[in-house]
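Here's a quick briefing to read alongside the sequence and the 3D view. Keep both open as you go through the points.

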Amino acid sequence: MPDSFEHMPTVAIRMPNGALTSLAGNLDEHHKVAVADLILCQKTVRETVTRLVRETAPDIVGMSIMTFQRRTAERLMHLVRTLKPDVKIVVGGYDPSLDTDAYLSMPLDFIVRGEGEVTFRELTRALEGQGSMHFISGLSHRSGGKWVHNPQRAPHRLEDNEIRLPKRSARALKGYTLLGRQVDVIETSRGCTFDCSFCSIIEMRGRNFFAYSFDRVIDDIRDAQKHGAETIFLVDDNITLNVHRFEALCQAIIDAGLNKIDYFVQGMTSAIANHGETLAPLMKRAGFRYVFLGIENILESDLQFLQASAKNTARTNGKKIGNATLQAIDYLHRNDMFVIGGLIIGSPGDTAESIEANLEFARKYVDWPYIQHPTPYPRTPMTADFRRQGLIENMRLEEYDGTTPVVRNENLSAEEIEYLRWKAERGMKIRHMPVVFRHDPWFVLRNAPKMAAHTYRGSTLRTALGLEDDRQAFIRYKEIRRREREYL
């Protein structure tokens, strides 16, 4: 889908959808597959989809969908149906998997629930007359005018190599970049055993953690590099869940001579704080540059609501000694890595003062803020809490991107929570520009005005000179953001 996150402006970040190329790589080889990441053509979605459908004349069109992309996806279904009425439409991803009923009235034929590689492969075989739809685990399909929901498919264990490498050559569009360098994604594991109340992973696949072999991971990195990647984002759900495996993976990257690539990774504060003395230098040698740190919140009361205390706890000799965040950040900074600070503000008990405490922490300690708001995604424990308390203010799913508050709390409206975040984080983002310049000077020289314009959308010269209240700029920003969500 073309819908993007507020914190990932396409002028700076155009990240590929790894699931699409994984699906392509796991189909039988006689199929012709075209992968289209519409994030690359946000201003020409209708024209691009029309061209691709006419050029490829597809028998099947698949769509990978998150909750905030649902509205766009349904519009695309109608467009594709108009262009090719006999096409089979398949949807998958987090949103169709966790809110299947919402899709039953849409113009589609199949819903793939959970991991899709093997389910989709078996579906294509059934469409070719090899087997029955009724025996494909994880598939919802129409039969006799009604929807049939086959039993769930168990999560793939990964070490058995049933999931083949992605097929990056299937990409029909070009232009994946991160700060001007070609970027790709790989995964080394799937799953997480924590039960954070805001997260969809447990509902999607249960509490488990499975990992690929290092040989397979190294082959994947080499394939991404062969296709031009200079930067790689490891998209694992929780790669630091098994710290010793992650340390061994860093060493495997070094031994394979693949440590000249810039790596981005997501990590737990507790894992890095408790093992950082040896882990952080090893990460640096392996080529890691940015670490998305799941700080979540600096206040223990909010961590308890988010059910994220355990993964943010520092320990010594097996004893809890407090929040792990500062120790984790220190280890990363001492080893010349940069911290993308993942914080969540706006929980039910938050006040303006508690939100400001988190924002001040971000100003002081993180290199790039990734501040989100509690969002009622399908079937998460948080969603049930919000509904029970009557806190959901906004039912416009296209705004459920995590960076737009849709939930009020006991003290503040959703709009006031967003205003506090919006006002604070603009300066934090601009502050990181010199770091980017030292690493990618030509990218910054070409794009600094665009990046600044994106960061300060809604502001004018009058705003900068203090001749109008910031809230006027915020109102304009909200309207700009509303228009940006209209992709077709």
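The buried residues of helix α3 pack against α2, β1, β2 (88-92) and α4 (94-98). Bear in mind that this is a predicted model. Here's a bit more on that helix, then a few other spots to look at.

**Helix α3**
- Helix α3 covers residues 70-83, which makes 14 residues.
- From first C-alpha to last, α3 reaches 20 Å, close to the 20 Å expected at 1.5 Å a residue.
- Its buried residues are Arg70, Thr72, Ala73, Leu76, Met77, Leu79, Val80 and Arg81.

- Ala57 isn't a glycine, yet its phi is positive, near 45°.
- You'll find Ala57 in the loop between α2 (45-56) and β1 (60-64).
- Ala57 counts as partly exposed because its relative accessibility is 44%, between the 20% and 50% cut-offs.
- Arg379 also has a positive phi, about 70°, without being a glycine.
- Look for Arg379 in the loop that runs between β16 (368-372) and α13 (381-389).
- With a relative accessibility of 44%, Arg379 counts as partly exposed.

**A nonpolar patch on the surface**
- Phe437, Trp442 and Leu445 make a nonpolar surface patch of about 370 Å².
- Leu445 sits in helix α16, which spans residues 441-455.
- Is Leu445 buried or exposed? Leu445 has 53% relative accessibility, so it counts as exposed.

Definitions and conventions
Residues numbered from 1 in each chain as written. Predicted model: local features only at pLDDT ≥ 70, side-chain atom pairs only at ≥ 80, totals over all residues. Heavy atoms only, no water. Patch = residues over 30% accessible without salt bridge, like charges linked within 9 Å, V, L, I, M, F, W, Y side chains within 5 Å. Areas by Shrake-Rupley, 256 points an atom, 1.4 Å probe, with all protein chains shown as cover. Salt bridge = Lys/Arg side-chain N within 4 Å of Asp/Glu carboxyl O. Helix = DSSP H or I, 4+ residues; strand = E, 2+ residues; numbered from the N terminus. Buried < 20%, exposed > 50% of the residue type's maximum accessible area, 1.4 Å probe, protein only. Expected span 1.5 Å × (residues − 1). Contact = heavy atoms within 4.5 Å.
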